[in-house]
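Please examine the structure shown below. The paragraphs that follow lead from individual charged pairs to the chain as a whole.

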Amino acid sequence: MTIDPRWLVPDPARPVFSLCIAFPRGSGTDLNGLAGLSYVTGQMALRGAGPFSRKAFLEAVDRLGASCDISVSRHHTLLWLDGLSRHFDAVVELAAVALATPHHDAGEFDKLVRELDVELDEVRDDDGALGARAFARSLYGDHPYGRPLRGSHGSLAALTLDHVKAHHGRLFAPADVMASLAGSLGQDALAGALTRIIPGVDLKTAMAGSIDADAFGCLAKKPGIHVTVVDKPDRTQTQLFIGQPTIPLGHPDWTALQLAQTAFGGMFTAPLSQEIREKRGWSYSVWSALQSDAWLGTFQIRLHPNAPDAAPALQLTLELLKNFQQQGPSDDDFGAAKSNLARSHVFGIDTASRLMWLRLNTELSGRPREWLDDAVARYEAVPFEDAVRSAAQHLDPTALTVVIVCTAATVLPALQALPGIASIEVIDWEFDLEDPTTIDE
Amino acid sequence: MKPLLPAPLGDVLSRLNASPPAHGAIAWLDAHVGEGFRVDRFQLANGLEVILWPDHAAPVAAWHTWFRVGSRHDPVGRTGMAHLFEHMMFKATTTRPEGEFDRTMESLGAQTNAATWVDWTNYHAKVTTWDLQIVCDLESDRMANLALDKDMLEREREVVKNERIMRVDDEPEGRLTEELYRVLYPEHPYGQPTIGWMEDIAAITLEDCQAFYRTWYSPSNAVLIVCGDFDSETILAMIQKGYGDLPAVSLPAEAHSYGALTVPDEPVIATAPVQAGRLVWAWRGPVSGTPEHAALQVATEILAGSDSARLIMTLVDDLEVATDVSAWINPWALSSAVEIGVTLRPDADPDAVAAVVEAALATFLAEGPTDDELERTRNSLETDFWRGLADVNARANQLGHAHVTVGDYRDLWSEAERLRAVAKADVIAAVAQYMQPDMVIRGRLEPLDDGSDDDGDDDDLDDDDDSDDEDEE
């Protein structure tokens, strides 16, 4: 097997390794009504395989001081192996057994589903996580991106072990696999690991050009500013989410928009933080971010003002965004953002495991190979006018989803008095987390 | 063999000391030499310690300034002083207006922040190699020339109050931990929250900040750590020029009493709107840097440090009464706390779960770990050790913490040796000495009753708080 050298990131100074194998299917392949199928399928591979019970498997991994995990995104399933280099073969062997001969034990399946059901309810104990769930629900609605990766109570109840058994082969199919290895091991180690873990493996050489950016459909901005209040008792502080869908990674304006939004709220010295935190002390943390993949982008603002400050903080944030969208950044903020993004790029690739992941993730998200190498030049090449235009074109202060986790009585009257709000919906903090879609196999 | 000063480095010091600034003559103190690397410690005449770890793997470097002052040094009635002051260090100096520090750092793309804990305050920046001079200028400037004013203090006070609410008052676990530590250390500042009680945060004055700065922020009380891609002579020259004119300052003596531990009959209880309750056990432990501390580190790993750990397998997997179990010993200079925490499933009986945990601890105390558990833990800690050395910032962090709490940056390697050497009998002895049932403070986080008066139970909760761990700007 020939391995492109870029998938090997040497780190001879430390006797440890990180191996990531990416399979080209994720929760986006979950059947309708069965959200969480891919996640559960991945976890079931680690819950007993070959000669190992679940407990024996965990002990075997821990005995090596290693980790063997499977994570699922919307578009990929990733097998992560980490450990001491001298244990590489043993860790690889455990992973191979997990993927080749999972027990798919009924008792373990039931136990996993019970765990996930409890985890779903536990989300409510963390105001930030609760708000994020409500924000995704409000922003994405019935779009596949609104579907929880780990499932809902309803979808978990509908999942069966037969679904998992059938999905295992699809999820871990040997075609179009990508992999990268960081550490003190070489090409033979990676080739051997791939052959052992995925018999018949067919490595994909490049993702660029093979992604259908329309596969998940368009998510239109909903006109108006719509506020959802998640009413939770005993809160003196609020968790505030503001956002909207915007351009995906492959859009030609993406770099300019990233630069523009960094100048708005992506730095401590950007106007958003200066106005909210530095001048008024309203929120310890306040930021904006552009979170994009190959299919969809989301522009988001986060802050957590105390209850009495929530309405004025929201009003000021909306005004700042409106002004920014109309006028763009100042020369000074634009220059600082450009310098910040260009010069901080190195910190994403300054260790072997970071470089390994960024290379792989660049490929998985459909960006061209040179995207990583050209990052600094790309930011430096953006003219001021492009940043202004991208903000004007791709941010819309009149079409925003707002979620506030708070004790409603302490915030609602002030919210209702704010100008320009199209709707306010109050939902209980124990709101239904169900996936509304029907089962369709 | 004890590492010696290599001749080239001796030549460097000779050159730099030919005509040093008033307080800037540099002495070499000691070194740690490993396979393919070397870490050296120096000291300026004004007391400033400098630890350098050159590594040319990537064109980046971490610059850390550690001050030997943390929340244990907060003045009486002024808890939160060290932490609030840390925030003030990002404001103006006599030579730079407010905002210039952050804007300069952000324009460099630097990863910069600060952290305050019980024993120390650490200001850190990761920058590209060619920006180290700018960091040196900024850091030496704010060590010597901070300009404090009332308006800045009032604005930052509001930020810190908001931070406290985020970390403690609206964070159920934060409330419980704060109360637990107050009971564990009734007379010692370790029982006070690093972020401070709300009324103390409100009471801190500009004069308090100025006095705090004069007392604790001097080269005599600081350690500079630079890890990454640099030339040692260049960096030493930079530091000598930047800090060598600052005079040494005498530091106040410190005396603390821990107070007798009174174990309450009933658990410390906090209530909050949560689905899942939580049980916590906390004991006073030994100081960092000792074999006993290492043995308890191994013990906590075996109890809940990995997916196959005892308490996790029992409570999460077998009995399905918990969603998460954690155990750890904190690495403090004057004492430590050993903690076990269990996040309950909503339908679990807290008393029954507590009985299971305490029975498991009794078995552990009697029988100790198995050989297999010891092997798992050794390998896991070895992996963690190497992982922790990958990033220059993480390296500087570990060196700084070791140097300020244990008194020797080389404890980074000594600790790894101590952990490797822990035997079954060591674990049994340490658990027997420090984790007896009559020495434990128990805590419980309980969900609010259905239909309770949601806004009527706050008062005791808001005032009953913990010591949180680490606070950052």
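**Buried charges and the wider fold**

Asp391(B) is buried, and so is Lys126(B), where buried means under 20% relative accessible area, exposed over 50%, and partly exposed in between, with a 1.4 Å probe and protein chains only. The model is predicted: local features need pLDDT of at least 70, side-chain atom pairs count only at pLDDT 80 or more, and totals for chains, interfaces and linings use all residues. Residues are numbered from 1 along each chain as its sequence is written, chains are lettered from A and ligands numbered from 1 in the order in which they are written, and side-chain values use heavy atoms, with hydrogens and water left out.

Side chains of opposite charge can pair when their charged atoms come close. Asp391(B) and Lys126(B) form a salt bridge with an N to O distance of 2.6 Å; the term denotes a side-chain nitrogen of Lys or Arg within 4 Å of a carboxyl oxygen of Asp or Glu. Because Asp391(B) lies in the loop between α13 and α14 (392-406) of chain B and Lys126(B) in strand β6 (residues 121-128) of chain B, the pair ties together parts that are 265 residues apart in sequence. Helices (H or I, at least four residues) and strands (E, at least two) are DSSP runs, numbered from the N terminus.

A second pair within chain B consists of Glu358(B) and Arg442(B), whose side chains meet in a salt bridge of 2.7 Å, N to O. Glu358(B) is partly exposed, at 29% relative accessible area, and Arg442(B) is partly exposed at 29% relative accessibility.

Which residue of chain A forms a salt bridge with Glu382(B)? The partner is Arg86(A), and the closest N and O atoms are 2.8 Å apart. Glu382(B) sits in helix α13 (residues 371-387) of chain B, and Arg86(A) in the loop between β4 (77-84) and α3 (88-100) of chain A, so the pair joins two chains. Glu382(B) counts as buried at 16% relative accessibility, whereas Arg86(A) is exposed, with a relative accessible area of 53%. Over all chains, the whole structure holds 67 salt bridges.

Attention now turns to chain A. In its helix α8 (residues 187-197), the buried residues include Ala189(A), Leu190(A) and Ile197(A). Among the elements that cover the buried residues of α8(A) are β2 (16-23), β5 (175-183) and α3 of chain A. His167(A) lies in helix α7 (residues 161-171) of chain A and is buried, with a relative accessible area of 1%. Leaving aside residues up to four places away in sequence, His167(A) touches Thr29(A), Asp30(A), Leu37(A), Ser38(A) and Thr41(A), contact meaning heavy atoms within 4.5 Å.

Chain B contains 17 helices and 13 strands, and buried residues make up 59% of its 473 residues. Of the contacts in chain B with a separation of 6 or more, 80% are between residues 24 or more positions apart. Along the principal axes, the C-alpha atoms of chain B fill a box of roughly 70 × 55 × 40 Å.
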